[in-house]
Amino acid sequence: MERLRGLLQRAQQLSPQRSQTIYKRVEGPHQGHLEEEEEDREEGTEPPVHFSPMELKGPEPLGSTAGLPNLTPWAAAGRRAAPYLVLTALLIFTGAFLLGYVAFRRSCQACGDSVLVVSEDVNYELGLDSHQGTLYWSDLQAMFLRLLGEGRLEDNIRETSLRPRVAGSPGMAALAQDVVAALSRQKLDHVWTDTHYVGLQFPDPARPNTLRWVDATGRAGEPLPLEDPDAYCPYSATGNATGKLVYAHYGRPEDLQGLRARGVEPAGCLLLVRVGVTSFAQKVASAQDFGAKGVLIYPDPADFSQDPHKPGLSNHRAVYGHVHLGTGDPYTPGFPSFNQTQFPPVASSGLPGIPAQPISADIAFRLLRKLKGPVAPQEWQGRLPGSPYRLGPGPGLRLEVNNHRTSTPISNIFGCIEGLAEPDHYVVIGAQRDAWGPGAAKSAVGTAILLELVRTFSSMVSNGFQPRRSLLFISWDGGDFGSVGSTEWLEGYLSVLHLKAVAYVSLDNAVLGDDKFHAKTSPLLISLIENILKQVDSPNHSGQTLYEQVVFTNPSWDAEVIRPLPMDSSAYSFTAFAGVPAVEFSFLEEDPAYPFLHTKEDTYENLHKMLQGRLPAVAQAVAQLAGQLLIRLSHDHLLPFDFGRYGDVVLRHIGSLNEFSGDLKARGLTLQWVYSARGDYIRAAEKLRKEIYSSEERDERLMRMYNVRIMRVEYYLLSQYVSPADFPFRHIFLGRGDHTLGALLDHLQLLRSNNSGASPKWSQALGFQESRFRRQLALLTWTLQGAANALGGDVWNIDNNF
């Protein structure tokens, strides 16, 4: 230390310049560094200014004794403590910063969707008249709502409903050209058309379908007049069916079981069933399972509103509906129907083997008057005039169906806005364009909303919006024949779409009333839908959001709103066939259904009267819901999917499975493997959630990796152990076939049926089969286990307790 002090004094004496900085203490490894600097000063270089945790003094007059000040003891102590004080302050600041950062991240996780919804790290070039630099969620939401309000939604609904547009007709071809032109006028990156040649079924004008009484000798009498001769059931079996008439309520399996329990056998008879509750295809499939020879379907006034202030369906109208228990072209199941493609002549297993025909309520009344037998239960009674409904059997009838199949070109129309960061991931929104009648509610509303959303998002792009992921807008053809257009597209591009399609939003059947709101959806989207409902105003409750309207009726909002995807929705094929999460929104009447759907009376005027003038407001609410959903799905850094929700779905079904645990144990069987697979799925979901919460959102590579795992959760639930050609709907929760949870539950019911006539004949004959149960359990368990493994990430990160 003394040597160092001497060097400092000598250097100052030799220096011709005034000292600028005086170093009072130097300790530790800095001594050598200081010596080098002093040598530089001896050579006449300018002394650098040093910033260090030492005492610094200002210039002193010449002649002063530098470096030997007369310091008080407290000053010396303060000088010694200064470095420690600075270090302590630095540590406190760093700790506070880290604590604040962690608290902020936790607050983001707690609030979920409300913070950092849209990327805040990407700047957008806005319009010349804009002074904004970055678009946040609130900016995008405000821009979307402002631009959406500028459209002509109501006019588009009216104009579309006035145009004839049966699939394959000249009217549809003209409408398709207009839709392509409308998309081409917008700021889209791509517009194109896909054409498929599909087998559609139409009535034969030269040989109309007929219904006749048959006398005791089997001779057919005069035909009963079919008051709505254009109405028919596409994909009905053709030919004649003769048998006694039986009334079977809605034609559900439980209804047919109820007939047997009351001593009325449906086998060998024609069944008279009511429109509603289940699809036409499900009614005919159930009738066939129970041995019926044919089905007549009519609209009962009891199933529709009796409000004198609202329009009602005429008793002389029949309701149209296809009877293919499936989707797509039933003559090329599992394969796309492109032009010139050659496939084996295989028909879909969902095509019925018995004829079916819709009839009016007036014709049904004439038939019901002829029925004998026991009186129908009170809950089966309808509102047709006359004596109480009876079950039958009644007099003989002969149904003749002469529909013919025609190869028909249909066209799907596409428009695309490419994404900025993930252009190879698609958020898809679509609406059916065709209709058998005016189709105001069936397809005009959805088509109008789709075109309005295209215009709105195009304007947003002109104002600086660029989604992270691509937006794909699609107008479907062939929807009235069982989502033919959408399913054929999925079949044609399945190998690509399951890797690239993020989600699907359907605009079909969006406005069928305004009292209730339903979302038919995949569980992955439930939390996102809840968030969006809180940001959309109710169309008929001023001052309330849609969420507030729903919880006012039922505090359990999801029990009030969420429904499973039905097979007659285009969204169903996306999830059950392609493994893409999907949603379809619907505003409905309180209890009775919209009476004009699939009839010649589904006009703009009737829809407007049914909603008592609120059609524009309700359609606007649907557009707001769908649009904000698209923004979230296309622009959130991390996809807002609740991938842990399927664990809850399995848990709910486990309650049903547990009812049979005693019966299975008595046979030496167990359901433990399902419980273990469910546990592995829950652990994998929780592990992924923790990984995401502890990661850096600005890491694009990491976010993309997480998004790929999240967006494929639905695909993981498609059974990999069954053939798509044999079982196109491979989803273990939504699909159809022995691989599904529903099929396993139905099979377990046979443990307690005791062949009591409570099941279709084929089930009675087979009964419970242990080998079949073991196979069903393996298919279900390993699909769920595979989903858990895929969600867990790389193979070295998977931690199964299976």
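Modeller: Start with proline 299, which sits in the loop between β6 (294-298) and β7 (356-358). Helices (H or I, at least four residues) and strands (E, at least two) are DSSP runs numbered from the N terminus. Before you ask, this is a predicted model: local features need pLDDT of at least 70, side-chain atom pairs count only at pLDDT 80 or more, and totals for chains, interfaces and linings use all residues. Residues are numbered from 1 along each chain as its sequence is written, and side-chain values use heavy atoms, with hydrogens and water left out.

Colleague: Is proline 299 buried or exposed?
Modeller: Buried, with a relative accessible area of 4%. Buried means under 20% relative accessible area, exposed over 50%, and partly exposed in between (1.4 Å probe, protein chains only).

Colleague: Switching to charges. How many salt bridges does the structure hold?
Modeller: It holds 30, where a salt bridge is a side-chain nitrogen of Lys or Arg within 4 Å of a carboxyl oxygen of Asp or Glu.

Colleague: What does lysine 310 pair with?
Modeller: Glutamate 589, with the closest N and O atoms 2.5 Å apart. Lysine 310 is in the loop between β6 and β7, and glutamate 589 is in the loop between β16 (582-588) and α17 (604-610), so the pair ties together parts that are 279 residues apart in sequence. Lysine 310 is buried at 17% relative accessible area, and glutamate 589 is buried at 7%.

Colleague: What about arginine 689 and aspartate 642?
Modeller: Their side chains meet in a salt bridge of 3.9 Å, N to O. Arginine 689 belongs to helix α21 (residues 672-693) and aspartate 642 to the loop between α18 and α19, so this pair ties together parts that are 47 residues apart in sequence. Arginine 689 is partly exposed at 22% relative accessible area, while aspartate 642 is buried at 19%.

Colleague: Which residues are linked in a network of salt bridges?
Modeller: Arg152, Asp155, Arg158 and Glu159.

Colleague: Now helix α16. How many of its residues are buried?
Modeller: Eight of eight, across residues 570-577. Tyr572, Phe574 and Phe577 are among them.

Colleague: What caps the N-terminal end of α16?
Modeller: Serine 569 does, with a side-chain oxygen 3.0 Å from the backbone nitrogen of alanine 571. Just after α16, glycine 579 takes a positive phi of about 75°.

Colleague: Last one: where is leucine 87, and how exposed is it?
Modeller: Leucine 87 lies in helix α3 (residues 73-111), and at 46% relative accessibility it counts as partly exposed.

Methods: A polar contact is a pair of N or O atoms within 3.5 Å; within protein, one must be able to donate a hydrogen and the other to accept it, and residues adjacent in sequence count only if both atoms are side-chain atoms.
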